[in-house]
Structures are given as C-alpha cells and as structure tokens.
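Dear colleague,

Please find below the structure that I am handing over to you.

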Amino acid sequence: PKVYLNGDILAPDEAKISVFDRGFLFGDGIYEVMAQIGGQFLYQEAHIDRLQEGLQKIKIDFDVRLLDTEIPKLLDAAELHGKDCLLYIQITRGVAPRKHAYPNQITPTILMYATAQTLPDINDVLAQVVSMNDFRWSRCDIKMTSLLGNVMANEYGAQKGCYETVLFREGLVTEASHSNVFFVRDRVVYTHPENEYILSGITRKIVLELCAQLGIKVMEEAIAIEEVVKMDEAFLTGTNTQIASIKQWDDHFFYHGDTIEGVTKELQWAFKELKE
Ligand code: PDD
C-alpha cells in the first residue's frame with residue numbers, strides 16, 4: 001500500500017507524523033471513509049462535502065477541492081485506479097506546542113491511504129448486536145478522529161462476539177459504533193433524525209433516497225429501547241457495512257432462519273443496483 005502525506009506519496013513506513021501533531025495529541029481532526037466500487041467512489045460528492053462541513057465545524061482551514069487532484073495521484077501510485085478499494089482521508093489541525101486552544105498559524109496535516117477491498121454485492125451477514133448506553137459526547141455529528149467512545153462501545157460488542165454495539169441515549173436508539181441503525185414496522189422505515197446525537201451517514205442518506213424511490217414510508221423518529229422488540233426488522237448502514245440485516249439484538253431475535261427478507265432485502269437489492 002501507499003500513503004499520501006502532505007503532498008508526498010510514500011511507503012507506509014516512510015510516512016512520519018510529528019508527535020506534536022494535534023491529531024495525535026488531542027484527536028483534533030476529521031476523517032472520511034469512502035468506497036470505490038465499479039470504477040467510482042459511491043457518493044463521492046456527499047463524502048467530500050461532509051468532510052468540508054466537519055472541518056468548518058471545528059475551524060480547520062482546508063479546502064477539500066484540493067483532494068480532487070490528490071486522490072487520483074494516490075490511487076495511481078497504489079495501483080488502485082478504478083479498482084475496488086476503501087479510501088481513508090484524515091485531516092488534522094497540524095503540529096503545534098500542546099495547548100488546548102486552536103493555534104493561530106497552523107498548517108493542517110493531510111493523510112490518505114487506500115486499501116484494496118471488494119465489498120460483497122449484498123451484505124448477506126445476519127448481524128448480532130448488543131445494546132448499551134450511549135456515553136459519547138453530544139457532538140456525534142462531527143466525524144472526528146477521536147473515536148475512543150466508539151472504539152470502547154465496539155469492543156463491548158466484540159467481546160460478546162457481536163458485529164456491532166447499538167447505542168441508546170435517554171432510552172432512545174441513536175446509532176451504532178460505526179454505523180447507523182434502522183427499523184421496519186408494518187413496512188414503515190424508522191431511523192433517528194439527523195441531529196447532534198448521530199453521524200449523518202452517507203449510506204443512511206442513500207437508504208432514505210431508495211425508500212423514496214421504492215415508495216416505502218420513512219419516519220425520521222428515534223425508537224425507544226423497549227419498542228425494539230416490537231419491530232419487524234432492523235438493519236445497520238455504513239460505508240463498509242453497506243446494509244446489514246440485524247438477526248439478533250441482545251436476547252431478541254428478528255429472524256430465526258438464515259434468509260434476509262422483507263424491506264431490508266428490497267433495500268439491499270435496490271442498493272446493489274445503484275452500485276452497478
Ligand atoms: N463509520 N455512524 C458512525 C458513528 C460511523 O462511524 C459511521 C461510519 C456511520 C455510517 O456513515 P457512512 O454511511 O457515511 O459510512 C454512522 C466509518 C465507515 C468508519 O469509521 O470506518
């Protein structure tokens with residue numbers, strides 16, 4: 001693999017970042033992950049726009065349009081041009097003596113790498129998830145590199161052999177450690193509204209668009225944790241998760257068999273077609 005660091009294309013062990021980089025010391029940076037499928041990045045504009053918005057929210061001065069020319073350079077060097085891969089982009093505030101306030105004169109650190117990865121046409125994994133209290137801060141809309149809350153939440157599920165840990169705040173399901181959460185009841189799709197308690201997922205947006213196209217009603221409404229068992233279906237969305245059906249949620253089973261059905265399946269098919 002190759003790493004892009006501040007304009008240079010390097011081997012991973014040549015790429016060096018200062019220990020005084022605020023990304024390292026404070027987790028003071030924004031990241032993005034997008035998937036290249038069939039020769040193009042899925043919803044590239046939406047990902048790049050979200051990156052710019054995140055940078056604006058934390059006042060990192062960087063114009064993401066620069067990436068339009070830099071991403072192809074990295075993909076060429078990594079021999080991934082047009083190939084299925086995941087691209088990671090991280091922009092941190094830069095290097096400065098450790099003081100909490102934003103330094104005045106500072107140059108952001110731009111890091112990117114791409115890894116060859118082919119996502120399945122349809123994610124046919126029947127996911128097992130556990131729920132836990134969402135103890136993260138109240139700005140989960142910011143796609144920041146300080147992911148300790150998400151890492152701890154995911155680890156809690158991983159210890160129980162689960163793919164994801166779903167989170168609830170004041171009794172309402174927000175999202176999962178690295179994906180958004182959806183429910184279906186009587187063919188109506190429910191998901192947490194876009195606000196500061198969730199990341200506005202691009203895959204979430206795609207699913208909302210697909211629902212509109214398929215004539216499936218959507219309610220952007222948070223579901224109470226005790227209502228979960230009353231739902232017909234539940235699924236996760238995310239760039240690497242795609243649309244993953246939830247089979248088991250704590251002790252509750254949405255499915256007993258091994259076949260994904262219902263609205264989740266319809267959306268998975270529509271998502272597959274969108275990628276082609
Ligand atoms: N995770 N919620 C959280 C907390 C996330 O970290 C992610 C993405 C999502 C889904 O967003 P999108 O559909 O835009 O990928 C929701 C990325 C993939 C990651 O951290 O690797």
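The notes below cover the domains, the contact between them and the surroundings of the ligand.

Please bear in mind that this is a predicted model.

Domain organisation

The protein chain falls into two parts: domain 1 spans residues 3-116, and domain 2 spans residues 126-275. Taken over C-alpha atoms, the centres of domain 1 and domain 2 are 27 Å apart.

Contact between the domains

Domain 1 contributes 22 residues to the contact, while domain 2 contributes 12 residues. On the side of domain 1 that touches domain 2, the elements giving two or more residues are β3 (29-37), α2 (44-57) and β5 (85-92). Of the residues on that side, β3 provides the largest share, with 8 residues. By class, the side of domain 1 that touches domain 2 is made up of 11 nonpolar, 8 polar and 3 charged residues.

Surroundings of the ligand

The ligand is surrounded by 15 residues. The closest of these are Gly 201, Ile 202, Thr 203, Gly 238 and Thr 239. Two elements, α5 (202-214) and β13 (233-238), each supply at least two residues of the shell around the ligand. It is α5 that gives the most to this shell, with 3 residues. In its composition, the shell around the ligand has 10 polar residues, together with 3 nonpolar and 2 charged ones.

With kind regards

How values were computed. Residues numbered from 1 in each chain as written. Predicted model: local features only at pLDDT ≥ 70, side-chain atom pairs only at ≥ 80, totals over all residues. Domains from an automatic or database assignment. Contact = placed C-beta atoms within 7 Å. Helix = DSSP H or I, 4+ residues; strand = E, 2+ residues; numbered from the N terminus. Nonpolar A, V, L, I, M, F, W, Y, C, P; charged D, E, K, R; others polar. Near = placed C-beta within 6 Å.
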